[in-house]
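Visitor: I have a structure open here and would like to go through it. Can we take it piece by piece?

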Amino acid sequence: MLRSAIAAGASYVDIELHEFHAMASALRIPSGVRTIASLHVLSDESTPPGRVYRRLRSTGASVIKYAFTARDASDI
């Protein structure tokens, strides 16, 4: 699906953190296409936000996205 999006002229492709390096390498993303590194944690598992942020930034992606289930207002 990502190859099709790139071929169709997508400006961005969104790749899950756990697969980011392998997928970015396999796709051979052209220089005009930007990447989004994302992590979706939609359960009760707890992941320290600082560690997640550092892992997302270390990908070198143009944009990072961290989606998680907020338990209360302080999580936001």
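Visitor: Is tyrosine 66 buried, partly exposed or exposed?

Guide: This is a predicted model. In it, tyrosine 66 has a relative accessibility of 25%. Buried would need a value under 20% and exposed one over 50%, so tyrosine 66 counts as partly exposed.

Visitor: And what about phenylalanine 68?

Guide: Phenylalanine 68 is partly exposed as well, at 34% relative accessibility.

Visitor: How many aromatic pairs are there?

Guide: The count is 1 aromatic pair. It is formed by the rings of tyrosine 66 and phenylalanine 68, whose centres are 5.1 Å apart.

Visitor: Why is that pair tilted?

Guide: The ring planes of tyrosine 66 and phenylalanine 68 meet at 40°. Stacked needs under 30 degrees and edge-to-face over 60, so this pair is tilted.

Visitor: Changing topic. What is the secondary structure of the chain?

Guide: The protein chain has 3 helices and 3 strands. Read from the N terminus, their order is α-β-α-β-α-β.

Visitor: Which residues have the most contacts inside the largest nonpolar core?

Guide: That core has 13 residues, and the ones with the most contacts inside it are Ile6, Val13, Ile15, Phe20, Ala37, Leu39 and Leu56. Two or more residues each come from strand S1 (12-16), helix H2 (20-27), strand S2 (34-41) and helix H3 (49-57).

Visitor: Which element gives the largest share of this core?

Guide: S2 does, with 3 residues.

Visitor: What does alanine 37 touch?

Guide: Leaving out residues up to four places away in sequence, alanine 37 touches Ile15, Phe20, Leu56, Thr59, Ala61, Val63, Ile64 and Lys65.

Visitor: Where is threonine 35 found?

Guide: Threonine 35 is in strand S2. Its relative accessible area is 10%, so threonine 35 is buried. Apart from neighbours within four places in sequence, threonine 35 contacts Val13, Phe20, Ile29, Ala61, Ser62 and Val63.

Visitor: How much of the whole chain is buried?

Guide: Buried residues are 22% of the 76 residues in the protein chain. The accessible surface is about 5,300 Å², and carbon and sulfur atoms hold 52% of that.

Visitor: What box do the C-alpha atoms fill?

Guide: Along the principal axes, the box is roughly 40 × 20 × 15 Å. Among contacts with a separation of 6 or more, 46% are between residues 24 or more positions apart.

Visitor: Last one, charges. How many positive and negative side chains are there?

Guide: The protein chain has 9 positive and 7 negative side chains. The centres of the two sets are 12 Å apart.

How values were computed: Residues numbered from 1 in each chain as written. Predicted model: local features only at pLDDT ≥ 70, side-chain atom pairs only at ≥ 80, totals over all residues. Heavy atoms only, no water. Phe/Tyr/Trp six-rings, centres within 6.5 Å; stacked < 30°, edge-to-face > 60°. Buried < 20%, exposed > 50% of the residue type's maximum accessible area, 1.4 Å probe, protein only. Helix = DSSP H or I, 4+ residues; strand = E, 2+ residues; numbered from the N terminus. Contact = heavy atoms within 4.5 Å. Areas by Shrake-Rupley, 256 points an atom, 1.4 Å probe, with all protein chains shown as cover. Lys, Arg positive; Asp, Glu negative; His and termini not counted. Charge placed at Lys NZ, Arg CZ, Asp CG, Glu CD. Core = buried A, V, L, I, M, F, W, Y, C linked by side-chain atoms within 4.5 Å.
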